[in-house]
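Trainee: I have a new model on my screen and would like to learn how to read it. Could you walk me through a few features?

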Amino acid sequence: MSAIFGFEERVAQGFIEKGVVCLPQTPSGKPDVHDTVASIKNEDIVFIKHAQPSSLRVKAIGVVTSDFPVENDADFCLPVEWVWLGKKEIDYFDEKLLADDHIFYEEHDIQVQRELLKLLPEKYRLP
């Protein structure tokens, strides 16, 4: 694992059922990459979230299972094994991207990362 990427709940519909995470699209229909897509790779952690100014609700956590995209209509999607589903509230975090309304980003807040790692099944945790 090298990075943790968050996706806003409103763009994540169908990800869990399809076993993928798809990159959001710009209004023109092209993938909205925010300069981080190239860094998503096999074994990275992704999570579906709902962010509010004072809290972050985690809805699902997955592990990317390949560096290669899967065929999924016109979207660019990577295969993901969704390893945790539920609702986890994280009350304190230093979320800087909420004001920018990013729906996809690399998570840098160590508190959020720690909380996400605690939810992972044992086989995905670092020794």
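Predicted model: local features only at pLDDT ≥ 70, side-chain atom pairs only at ≥ 80, totals over all residues.

Trainee: Let's start with strand β1. Is β1 enclosed or open, and how would I tell?

Mentor: In β1, residues 4-8, five of the five residues are buried, so the strand is largely enclosed by the rest of the structure. Then look at each side in turn. Ile4, Gly6 and Glu8 lie on one face, Phe5 and Phe7 on the other, and both faces are covered.

Trainee: Which strands pair with β1, and in which sense?

Mentor: For this, follow the bridges from strand to strand. With β3, residues 45-52, β1 pairs in the parallel sense over five bridges. With β6, residues 104-106, the pairing of β1 is antiparallel and runs over three bridges.

Trainee: How many aromatic pairs does the structure hold?

Mentor: There is one. To describe such a pair, look at the ring centres and then at the angle between the planes; over 60 degrees counts as edge-to-face. Here Phe7 and Phe15 sit 6.0 Å apart, centre to centre, with 85 degrees between their planes, so the pair is edge-to-face. Both Phe7 and Phe15 are buried.

Trainee: Now a lysine: is Lys49 buried or exposed?

Mentor: Apply the cut-off we used for the strand. Lys49, which is found in β3, has a relative accessible area of 1%, so this lysine is buried. The next step is to look for a polar partner. The side chain of Lys49 makes a polar contact of 3.1 Å with the side chain of Glu8, and Glu8 is one of the buried residues of β1.

Trainee: Last one: which cysteines does the disulfide join?

Mentor: The whole structure has one disulfide, and it joins Cys22 to Cys77, with 1.9 Å from S to S. The link is right-handed, with 100 degrees about the S-S bond. It connects distant parts of the chain: Cys22 belongs to β2 (residues 20-22) and Cys77 to β5 (residues 77-90), 55 residues apart. Cys22 and Cys77 are both buried.

Definitions and conventions: Residues numbered from 1 in each chain as written. Heavy atoms only, no water. Phe/Tyr/Trp six-rings, centres within 6.5 Å; stacked < 30°, edge-to-face > 60°. Buried < 20%, exposed > 50% of the residue type's maximum accessible area, 1.4 Å probe, protein only. Helix = DSSP H or I, 4+ residues; strand = E, 2+ residues; numbered from the N terminus. Pairing = 2+ DSSP bridges. Polar contact = N/O pair within 3.5 Å; in protein donor to acceptor, adjacent residues only side chain to side chain. Disulfide = S-S within 2.5 Å.
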